[in-house]
Amino acid sequence: MTKPSLPELLHAAVAAVGGAERPGQVTMAEAVGQAIDDGTHLLVQAGTGTGKSLGYLVPALAHGDRVVVATATLALQRQLVERDLPRTVEALHPLLRRRPEFAMLKGRSNYLCLHRLHEGVPQDDEEGLFDPFEAAAPTSKLGQDLMRLRDWSDETETGDRDDLTPGVSDRAWGQVSVTSRECLGATKCAYGAECFAEAARERAKLADVVVTNHALLAIDAIEGAPVVPQHDVLIVDEAHELVSRVTGVATGELTPGQVNRAVRRAAKLVDEKAADQLQTAAEGFEKLMELALPGRLQELPEDLAYALMALRDAARAVITAIGNTRDRSVQDEDAVRKQALAAVENVHAVAERIANGSEYDVVWYERHDRFGASLRVAPLSVSGLLREKLFADRSVVLTSATLKLGGDFNGVGASLGLAAEGVEGEDLPVWKGIDVGSPFDYRKQGILYVARHLATPGREGSRDDMMDELAELIQAAGGRTLGLFSSMRAAQAAAEELRGRLDRPVLLQGEDTLGELIKTFAGDAATCLFGTLSLWQGVDVPGPNCQLVVMDRIPFPRPDDPLMSARQKAVEEAGGNGFMAVAATHAALLMAQGAGRLVRATGDRGVVAVLDPRLANARYGSFLRASLPDFWYTTDRNQVRRSLAAIDAAARTAG
C-alpha cells in the first residue's frame with residue numbers, strides 16, 4: 001500500500017472538522033512536514049482563519065514520531081484536545097492505518113491533590129494542622145467552594161482544575177493543590193496510586209501527541225527536571241507569547257510575607273537556634289523592605305546585600321536542620337516537612353541568586369498598594385537559554401498569527417536565540433521563516449485609521465482631544481467598539497467619560513469575568529467593551545458586533561519598566577538599536593495582536609483606529625505599520641467616519 005500524501009491527509013482532516021481547505025494551510029502543512037523530515041526549525045506566520053492547528057497536526061501525525069504541542073492559552077489547549085485532535089485522529093485512521101494517542105499535561109498545581117483534600121493543609125498557626133472544610137463556614141464562599149471540590153473529587157476523572165465548571169477562587173484551589181516542591185512523591189504518599197497529576201504524567205508517557213503549555217515547557221528547560229516526555233518534534237503555537245512566559249518562569253521574588261510564612265512553617269521542625277536565626281534574618285529583611293522605593297537596583301545596596309546573605313545562610317541552616325529534627329506533636333509530619341522545605345528552599349534560592357549578583361540578571365523593587373513591597377530578579381535575556389534548551393535534539397516549529405514584525409522574522413528570531421535568517425555557524429540552529437498569509441482580503445475588509453491631528457500622548461495627563469475623537473468614532477460605528485488601552489487607568493478614565501457622554505452601554509474589564517463581558521459584548525451591537533493589554537489576545541468576536549477596534553496609544557513599555565529598560569540598554573551597549581529591538585518590537589507585537597481582533601471571518605468589515613499620531617508621523621511608524629495586517633490606510637478623519645457609518649448601516653440592514 002502506498003503511503004498517503006500530505007495533501008490527501010490534510011483533505012481528510014479538513015473534511016472531518018467541517019472546514020474548507022485554504023492555500024495557506026496547505027503551504028504550512030508542507031513546510032512543517034519538510035522541517036520535521038529534515039530535522040530543521042521553522043517559524044510560520046499563519047493569519048487568523050488559516051486553520052493552523054491542522055496545518056501542523058496533520059504533518060506531525062503523519063510523521064509518526066512523538067510530538068509535543070505547547071500553547072499559551074487554555075482555550076487553545078482545550079480546542080486541540082477536545083475538538084481538533086479527536087476528529088483528526090479519526091479522519092486519518094483509515095489512511096495511516098493507526099490511531100495515534102494524545103494526552104494533556106500541565107504543572108502539578110493544576111491538579112487536585114487527594115492528600116491535601118483528605119488530610120488537610122499544613123497551616124502556619126499555632127494549631128499546626130486543621131481541616132479547612134471544618135474551619136470554613138459552609139455559608140461562606142470559601143466553604144461552598146471547598147464542599148463543591150470535595151464532591152467533584154468523587155466524580156472527576158482528571159482532577160484538572162480547568163475541568164471544574166464553574167471554577168473556584170485561587171484561595172479555595174490552594175487548599176486542595178500542591179506545587180511540585182510541596183508534593184510528597186507518589187511512593188511516599190498514601191494517595192500516590194490514585195494521584196491525578198501522576199496519572200496525567202503516565203498518560204503523557206504513553207501518548208504520541210502531548211499537549212502542554214509554555215510555562216511547563218519553560219520549567220522543563222530551566223529546572224532540568226524533565227516533566228515533558230522525550231520527543232522528536234516540538235510545536236510551539238501562540239509562539240509570540242513564549243519569551244514572556246519563559247521570562248515569567250525564570251523570575252524570582254522575595255516578599256516579607258513569603259519569608260515570614262517560611263519562618264512559621266519551619267519553626268516546629270528545627271531546633272531553636274536555627275529557627276531564631278531565620279526569624280532574625282526575616283525581621284532584618286522586612287525592615288529594609290518597608291523603606292524600599294520602586295525601581296531597578298543597578299548595584300545591591302550594602303544593607304540589602306547583608307540582609308540577603310543573612311537570609312541565605314539562615315535558610316541553608318534550616319534546610320540542613322529539617323532533615324534531623326522530629327517534632328512528635330506534629331501530625332502528618334511528611335507533608336508538614338515537605339511544605340516547610342519548599343518554602344525555605346525558595347527563600348534560599350532567590351536570596352542566593354540576588355546576593356551573588358549575576359551580570360545576566362536584573363534586580364528591582366516593586367511596590368503594590370495591596371501586597372506591599374517585593375524584591376524581584378529576572379534574566380536580562382532568555383534567548384541563550386532558549387537556543388540551548390529549545391533547539392537542541394529535536395525539530396521545532398513555532399507558529400502564530402504575529403511573528404513577522406516590521407516585515408521579517410529576525411526580531412522574533414533574535415528573542416528566541418536564533419541568528420538572522422540564513423546566517424550559518426557551528427552552534428547556530430538552522431531555521432527558516434514563512435508567512436502563509438491569511439484567507440482574508442484585509443485591504444477590502446478593513447481600514448487602518450491613524451488620528452494624525454491629535455496631540456502626541458504624554459506620560460500622564462488628560463487627553464481631551466482623544467476622548468472627543470473616541471466618542472465621535474463610536475457614534476459613527478453605532479457602538480460595536482472594542483477599546484484596547486495601554487493601561488487600566490486609561491481604560492477606566494475612558495469608560496467613565498464616555499458613559500457620561502454616550503447613550504449606549506460601555507463595559508469595562510474587571511467589572512465582570514472576561515467570559516461574561518465578551519458574551520455581553522458579542523450579543524449586543526450597541527455595546528462597547530473597554531479593557532487593557534490582557535484583553536487583546538482573548539477576544540474572538542466575528543460578525544458585525546465588533547466593527548471598530550480602537551487603540552488609545554502605541555503600547556511601548558513604560559520608561560520605568562526595570563526589565564524592559566535594562567534589556568534596551570544591553571542592546572545599546574552591544575552596539576544595537578535598543579529602542580527598535582526592545583520597545584518597538586514589544587509595541588509591534590501587541591499592536592498586531594490588537595489589530596487582529598477586527599477581522600475574524602471572511603464577512604467581517606471594520607476599522608482599526610489608532611489614536612496616537614506617532615504611528616503616522618514618527619520614523620518608527622512605518623516599522624509598526626508593517627507589523628499590522630495589510631489594511632487600507634488613511635489619516636482622513638471624515639473618510640473614516642463615512643466608512644464607519646456605511647458599515648453600521650449595512651450591518652443594520654443585514655440584521
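**Reading buried residues, helix faces and salt bridges**

Tutor: Let's start with Val 44, which is buried, at a relative accessible area of 0%. Buried means under 20% relative accessible area, exposed over 50%, and partly exposed in between (1.4 Å probe, protein chains only). This is a predicted model, where local features need pLDDT of at least 70, side-chain atom pairs count only at pLDDT 80 or more, and totals for chains, interfaces and linings use all residues. Residues are numbered from 1 along each chain as its sequence is written, and side-chain values use heavy atoms, leaving out hydrogens and water.

Student: Which residues is Val 44 in contact with, beyond its neighbours within four places in sequence?

Tutor: Contact means heavy atoms within 4.5 Å. Among the partners of Val 44 are Met 28, Leu 403 and Val 436. Val 436 is 392 residues away from Val 44 in sequence, but their C-alpha atoms are 7.2 Å apart.

Student: Where do the buried residues of helix 9 fall, seen down its axis?

Tutor: An α-helix has 3.6 residues a turn, so residues three or four places apart point the same way. In helix 9 (residues 196-206), Phe 196, Ala 197, Ala 200 and Ala 204 are buried. They fall within an arc of 100°, so they line one face of the helix. Lys 205 and Leu 206 are exposed on the face turned away from that buried side.

Student: How many salt bridges does the structure hold?

Tutor: A salt bridge is a side-chain nitrogen of Lys or Arg within 4 Å of a carboxyl oxygen of Asp or Glu. There are 33 in the structure. One of them joins Arg 501 and Glu 497, at 2.9 Å from N to O.

Definitions and conventions. Helix = DSSP H or I, 4+ residues; strand = E, 2+ residues; numbered from the N terminus. Arc of directions from axis to C-beta.
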